[in-house]
Every structure is written in structure tokens, then in C-alpha cells.
Amino acid sequence: MTDEWLSLSNAARLLGVHPNTLRLWSDKGMLPVHLTQGGHRRYRRDQVLLWADANQKSRVIEPEAMMQEVIKNVRMQISEGHLQAESWYQKLDEDARMQYRMSARSLFQGLMTYISSKGQEAESEAYAIGYEYASRARRYCLSYVDAAKAFLFFRDALVISVIKVYSDAKIRPAMQRKCTSRYTPSQMRS
């Protein structure tokens with residue numbers, strides 16, 4: 001079984017990453033890869049598993065690096081056609097679509113402000129972003145439901161991307177690390 005060769009997609013699946021991520025790691029020389037005569041990448045299963053085991057430890061994520069990864073993940077989701085499939089998005093002309101994509105950037109910037117200021121400026125930033133979304137929805141005659149869907153699409157893409165970045169870095173949420181209950185399980189049931 002140690003001589004088993006895996007395709008790029010199978011090795012990526014085994015590692016739990018996108019094939020583009022694995023391709024990048026291979027190009028950087030982080031993971032041994034063999035190129036076939038046809039130019040296809042092949043990975044030895046034992047080397048992939050050994051590499052995965054050696055890279056299981058958590059790593060520190062700087063806010064700027066995290067935001068770059070988040071933006072990359074959101075762009076990938078948008079490029080895969082998820083945004084174009086949204087009913088509210090189909091009601092907009094090209095100018096309105098560009099404005100909504102710019103709103104997504106303000107959402108990212110708001111998160112960045114929150115992270116860099118440790119939440120001190122977050123309240124005013126949140127109000128500004130909410131006002132921007134509401135004004136845009138009114139300008140483009142979106143219903144309340146469509147306006148909420150537009151905001152939630154970008155918010156959800158952002159949240160999912162942040163979770164993925166932390167998950168890829170093997171960082172557990174703070175609640176899991178610090179949460180200790182003063183109650184015993186029997187006290188909680190009563």
C-alpha cells in the first residue's frame with residue numbers, strides 16, 4: 001500500500017484541501033510530487049499521510065493574512081457561479097451588481113477594522129455597512145426580502161471563509177478552549 005499513487009484530486013481530498021491549494025504546495029516544494037509524462041501530478045499515499053501528520057499542529061494567523069485568505073475563498077465561491085444564481089442578483093443591472101460586489105469589500109474591511117481595533121470601532125462600522133446596504137437596496141428597488149438576501153449572501157460567504165481559514169490552520173474556537181462550566185452535568189439537567 002505504500003507505493004500507491006494518488007491523483008491531484010484524490011490527494012487533495014485525503015488532505016481535506018482544494019486541489020489548487022495542493023498544487024500550490026507542490027509548486028513551492030512543500031510536498032513531494034511526481035509528474036507523469038503527460039504532465040499530471042501524482043502523489044505517493046505514504047508521503048501525503050506523513051506530510052499531513054507532520055503539519056497537524058496549529059499555526060498562528062495574522063489578521064492581514066487571514067483576510068487575504070478569506071477574500072481569496074470568497075472570490076472562488078463567487079467565480080463558481082453562486083452569486084449569479086441568486087434571484088436578487090439577477091434583478092440588478094451591471095452597475096448595481098458592481099456596487100454590491102463593492103459592498104462585499106466594505107464588509108471585509110469592516111471585519112478587518114474589527115480585528116485590528118479589537119472591536120473598539122466595530123459598532124460605528126457596523127451601522128455604516130448596514131446603512132450602505134439599506135441605501136443600495138432602496139436605490140435599486142429591491143424588496144426587503146431581497147435586500148436581506150443580498151446582505152446575507154456576502155455575510156455568509158465571509159463567515160464560511162473565516163471558519164475555513166481557522167479550520168485549515170487547525171485553530172479551535174476560543175469557546176472550546178476556554179469554556180469551563182461551574183455546574184456538573186446533573187446540576188445542568190435539573
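1. A salt bridge here is a side-chain nitrogen of Lys or Arg within 4 Å of a carboxyl oxygen of Asp or Glu. Aspartate 156 makes one with arginine 155, with the closest N and O atoms 2.5 Å apart. Aspartate 156 is partly exposed at 32% relative accessibility. Arginine 155 is also partly exposed, at 35%. On this scale, buried means under 20% relative accessible area, exposed over 50%, and partly exposed in between (1.4 Å probe, protein chains only).

2. Ground rules. This is a predicted model, in which local features need pLDDT of at least 70 and side-chain atom pairs count only at pLDDT 80 or more, while totals for chains, interfaces and linings use all residues. Residues are numbered from 1 along each chain as its sequence is written, and side-chain values use heavy atoms, with hydrogens and water left out.

3. Overall fold. The protein chain has ten helices and three strands. Along the sequence they follow the pattern β-α-α-β-β-α-α-α-α-α-α-α-α. Helices (H or I, at least four residues) and strands (E, at least two) are DSSP runs, numbered from the N terminus.

4. Of the 190 residues in the protein chain, 31% are buried. The chain exposes about 13,100 Å², and carbon and sulfur atoms supply 55% of that area. Areas come from the Shrake-Rupley method with a 1.4 Å probe; for residues, only the protein chains shown count as cover. Contact means heavy atoms within 4.5 Å. Among contacts between residues at least 6 apart in sequence, 65% join residues at least 24 apart.

5. Main core. A nonpolar core is a set of buried Ala, Val, Leu, Ile, Met, Phe, Trp, Tyr and Cys residues joined through side-chain atoms within 4.5 Å. The largest one has 28 residues. Leu83, Trp88, Leu92, Tyr100, Phe108 and Phe154 have the most contacts inside it. Two or more residues each come from helices H4 (63-79), H5 (87-90), H6 (94-116), H7 (122-139) and H8 (144-168). H8 gives the largest share, eight residues.

6. Second core. A separate core of 13 residues includes Ala12, Val17, Trp25 and Tyr43.

7. Leucine 92. What does this residue touch, leaving aside neighbours within four places in sequence? Leucine 92 is in contact with Arg97, Tyr100, Tyr140 and Leu142.

8. Aromatic pairs. Rings of Phe, Tyr and Trp (its six-membered ring) pair if their centres lie within 6.5 Å; planes under 30 degrees apart count as stacked, over 60 as edge-to-face and the rest as tilted. The count comes to eight aromatic pairs. Tryptophan 25 and tryptophan 51 have ring centres 4.7 Å apart and planes at 45 degrees, so the pair is tilted. Tryptophan 25 lies in helix H2 (residues 19-27) and tryptophan 51 in helix H3 (residues 45-54), so the pair ties together parts 26 residues apart in sequence. Tryptophan 25 is buried at 19% relative accessibility, and tryptophan 51 is buried at 16%.

9. Ring cluster. Phenylalanine 153 and phenylalanine 154 form an edge-to-face pair, 5.2 Å centre to centre with 85 degrees between the planes. Both phenylalanines are buried. Ring pairs link Trp88, Tyr89, Tyr100, Tyr133, Phe151, Phe153 and Phe154 into a cluster.

10. Arginine 136. This residue lies in helix H7. Is arginine 136 buried or exposed? Its 6% relative accessibility counts as buried. Not counting residues up to four places away in sequence, arginine 136 touches Gln99, Tyr100 and Ser103. Arginine 136 also lies over the face of tyrosine 100, at 5.8 Å from the ring centre. The rule asks for NZ of Lys or CZ of Arg within 6 Å of the ring centre and within 35 degrees of the ring normal.

11. The side chains of arginine 136 and glutamate 132 meet in a salt bridge at 3.2 Å, N to O. Because they are four residues apart in helix H7, about one helical turn separates them. Glutamate 132 is partly exposed, at 25% relative accessible area.

12. Other charge pairing. The count comes to six salt bridges. One of them joins aspartate 27 and arginine 41, at 3.0 Å, N to O. Aspartate 27 is in helix H2 and arginine 41 in strand E3 (residues 41-44), 14 residues apart, so this pair links distant parts of the chain. Aspartate 27 is exposed at 53% relative accessibility, whereas arginine 41 is buried at 18%.
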